[in-house]
Amino acid sequence: MIATRPLYTPLDRIGWLNTTIRCVLALLGSYANAVLLGSVIAITLSMPAKDATMSAIMLGFVVQLLAVIWVFYARTLIGAFVGLALPATAAAVVLHLLGASL
Amino acid sequence: MKFDKPRSLRKSMTWVHTWTGLPLGWLLFAIFVTGTLSFYRLEITQWMQPETQQASIYDQGQGLSTATKLLEQYASDAEFWSIGFPTARNPLYQLRWRAPEDKSGPENAKGKAKSNAKGNANGHAQGNGKDKPQRGSNNGHNATSADTAAKKTNAEQSQPAESHLAKGADGDKIKPQQGHRGMMQLSLDPATGQVITPRETAGGEFLYRFHFQLYGMHWSIGRTIVAIATFFMFTAIITGVIIHRNIFKDFFSFRPRKGQRSWLDAHAATSVIALPFHLILTFSGLLFLAGQLLPMVAGAAYNGDPRGFLRDYRGFGAEQAAPNPNAAKLVDISAIALDALKRSPAGIDSINIKRPGKADAEISVTTPEGSLFSGKQSLASLQYNGVTGDFIPATSKEHSAAETIWKFMLSAHMGLFTTPVIRALLFLSGVLGSVMIASGLVMWLVARQREREKLGYLPRGHRLVEQLNVAAIAGLLSALGAYFWFNRMLPADMVDRSHWEINGFFAVWGLCLLHAIVRPHLKAWREQLSLATALLITIPLLDPLTGGNFIWQNWLQGQFAIIGFDLTAFALGLGLLYATLQVKHKLAKAEVTKAVPPASR
């Protein structure tokens, strides 16, 4: 995810806007990732549903935390966004293919 | 902090640490303090009911036979009985029963939280035997709940047949008290079998419930707020570890009276010493509230129904046989107790009877022995047939790795299977955690001291943090002290007493917020810390003057839980006295040098 030439957008340059966008991304994006990735784990882990769900919930919180850290670590807003959007989209596609009902 | 410039991970994470810690730090402090006290909520409730302290302790003489007679007399139609045995944490017999019409009360909706609810799926009494320790933790001992007054019952109107049973502590009447979820309860002196009717109190139960669902709002809203705050805490802890440079050096270094450096040392030391505790307690807090925070994940493997997971988790998924309506005489409980004592040298925690007086009655004996990695269920280890009295060997349960981790987390959070020493360590870690949060909140201001000096005035945001810091820290501790004072000062037979204790608690806290808003910062600190000091340091005197005993009397009677309460309150008072003097010192210095901008004094 570390680009050699960071892709700065005009939004990056406005300090308060940059921070605000990251906060929104952190709040919503991390939660979306926790829910989507957690659900994929809960459905796909090959163990009894109870154990898979426990693993999924615990890992879901870890995913949420890592997502928050990523949003504020990423050099640019685009990087922060892509880092959240890629796993979330992938998980959503898997869930759709599995026909999961959340 | 600028996110548009290249910056180090450490710098970014410092920002995250600061801004996840501050906005919910005031709430987290309250959650940590009340949660820490919850490790001793039975002892707190016992202190708040001095009537129970008159009982003779550790004597298992008359109690059990009297308990059985009382249950047959008052709860013959109940679908569930529970006899809690006297323990070091609560020296009384606790009788509880649930009348049949109470089985589907609205309280059952609480089934969402993993730890403390029974499944609402099969609303009958099944599982009650298994989760007795749960019930104990929910009801506290003799705690009438925050939302139920002691109500008169049908049982009360029928005069007790046997005269020696009829002598309650308050005269001739035995008054079963109503606990949570329609459970009725009675307390017995273990030596004499006499019924003890303690005063109504919100007790340790109020503090316990506040720490995970707050108060005065729907439980699901309260739990969601707490869950979000817990996630902020989790983020703050992990980012705190990331930005922390010298974990070992800071462990051994404390530089007092060096301004910001000292605050940082205090913050780091209290964090690092109990770091595993902070991490496990915070993460398990998330797991408890996972139903609030990640319901979609909980339901993903159950066709989108999170309750499916809860049923599965509690082992309610199996087919239940239809209840047998035929009557049959219940086996002699004393014989069961004797047999259980032979099998469990550690003693008996409680005896729970499902469908007493029916042909399919079941008895389960919970013991204090259990496995740290198996959760509450492992406590309910001895099963008996309720009619024949035959012992039913338990089927051994294997746990998956996921379940082992999960149950370890939850057991640690609830302080299950702890010895007194481990419980004390958990409590001390909680105290450290509270100091960690408080010092972090203060540090936000201290770290911005220079910024304020440069500005030459006090920004509105800083003033808001000042006000909330005082009210959330010193104000909460004052309100806690006041809560115990209200408990002893309100008339013991007052109607709706537990409500007034809680009202008193919030009234004092609210007044402290007002006071923090109108008074200058340091003066507000000094005055509220003085109030909290005065209220807490005098607890060992308040106790004997309002129904309890002096410490040495308690010592002679073996009431160590009460001694512990008195001394802990006194020690907390001493700590607050030290803090008050520090603020006083600082105030005096500030008045001499005038180095601090006037507004922040």
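Is Asp496(B) buried, partly exposed or exposed? At 30% relative accessibility, Asp496(B) counts as partly exposed, where buried means under 20% relative accessible area, exposed means over 50% and partly exposed lies in between, computed with a 1.4 Å probe on protein chains only.

This is a predicted model, in which local features need pLDDT of at least 70 and side-chain atom pairs count only at pLDDT 80 or more, while totals for chains, interfaces and linings use all residues. Residues are numbered from 1 along each chain as its sequence is written, chains are lettered from A and ligands numbered from 1 in the order in which they are written, and side-chain values use heavy atoms, with hydrogens and water left out.

**Stop 1: two loop residues in chain B**

Stay with Asp496(B), which is found in the loop between α19 and α20 (497-518) of chain B; helices (H or I, at least four residues) and strands (E, at least two) are DSSP runs numbered from the N terminus. Asp496(B) has a positive phi of about 60° although it is not a glycine. Then select Arg355(B), in the loop between β6 (350-354) and β7 (362-366) of chain B, where the phi of this non-glycine residue is positive too, at about 50°.

**Stop 2: the two chains**

Colour by chain and begin with chain A, which has four helices and zero strands and reads α-α-α-α along the sequence. Of its 102 residues, 46% count as buried. Chain B has 24 helices and nine strands, and buried residues make up 55% of its 601 residues. If contact is taken as heavy atoms within 4.5 Å, then among contacts in chain B between residues at least 6 apart in sequence, 74% join residues at least 24 apart; the corresponding share in chain A is 72%.

**Stop 3: helix α3 of chain A**

Select residues 49-73 of chain A, which form helix α3, a run of 25 residues. From its first C-alpha to its last, α3(A) reaches 35 Å, close to the 36 Å expected at 1.5 Å a residue, the expected span being 1.5 Å times one less than the number of residues. Because 19 of its 25 residues are buried, α3(A) is largely enclosed by the rest of the structure.

**Stop 4: the nonpolar cores**

A nonpolar core is a set of buried Ala, Val, Leu, Ile, Met, Phe, Trp, Tyr and Cys residues joined through side-chain atoms within 4.5 Å. In the largest one, which has 118 residues, select Ile57(A), Phe61(A), Phe72(A), Leu287(B), Phe309(B), Trp406(B) and Trp525(B), the members that touch the most other members. Helix α19 of chain B (residues 460-489) contributes the largest share of this core, 13 residues. Domain 1 (54-201 + 322-409) and domain 2 (456-601) of chain B both give residues to the core, so it lies between them; these bounds come from an automatic or database domain assignment.

A second, separate core has 31 residues, including Leu64(B), Ala78(B), Leu188(B) and Ile351(B).

Next, centre the view on Trp525(B), which, leaving aside its neighbours within four places in sequence, is in contact with Val442(B), Asn469(B), Val470(B), Ile473(B), Ala474(B) and Val583(B). Helix α19 of chain B also holds Leu464(B), which is partly exposed, with a relative accessible area of 46%. Leu464(B) and Ala516(B) are 52 residues apart in sequence, and their C-alpha atoms are 9.8 Å apart in space.

**Stop 5: aromatic rings**

A search of the whole structure finds 35 aromatic pairs over all chains. Rings of Phe, Tyr and Trp (its six-membered ring) pair if their centres lie within 6.5 Å, and planes under 30 degrees apart count as stacked, over 60 as edge-to-face and the rest as tilted. Select Phe206(B) and Tyr215(B), whose ring centres are 5.6 Å apart and whose planes stand at 85°, so the pair is edge-to-face. Phe206(B) is buried at 3% relative accessibility, whereas Tyr215(B), at 30%, is partly exposed.

Phe505(B) and Phe506(B) also form an edge-to-face pair, because their planes stand at 80°, with ring centres 5.0 Å apart. Phe505(B) is buried at 0% relative accessibility, while Phe506(B) is partly exposed at 26%. These four residues belong to one aromatic cluster, whose members also include Trp47(B), Tyr483(B), Trp509(B) and Phe565(B).

**Stop 6: charges over rings**

Finish with Arg41(B), which lies over the face of Tyr208(B) at 3.8 Å from the ring centre, and with Lys407(B), whose charged end sits over the ring of Tyr313(B), 5.3 Å from its centre. A charge sits over a ring if NZ of Lys or CZ of Arg is within 6 Å of the ring centre and within 35 degrees of the ring normal.
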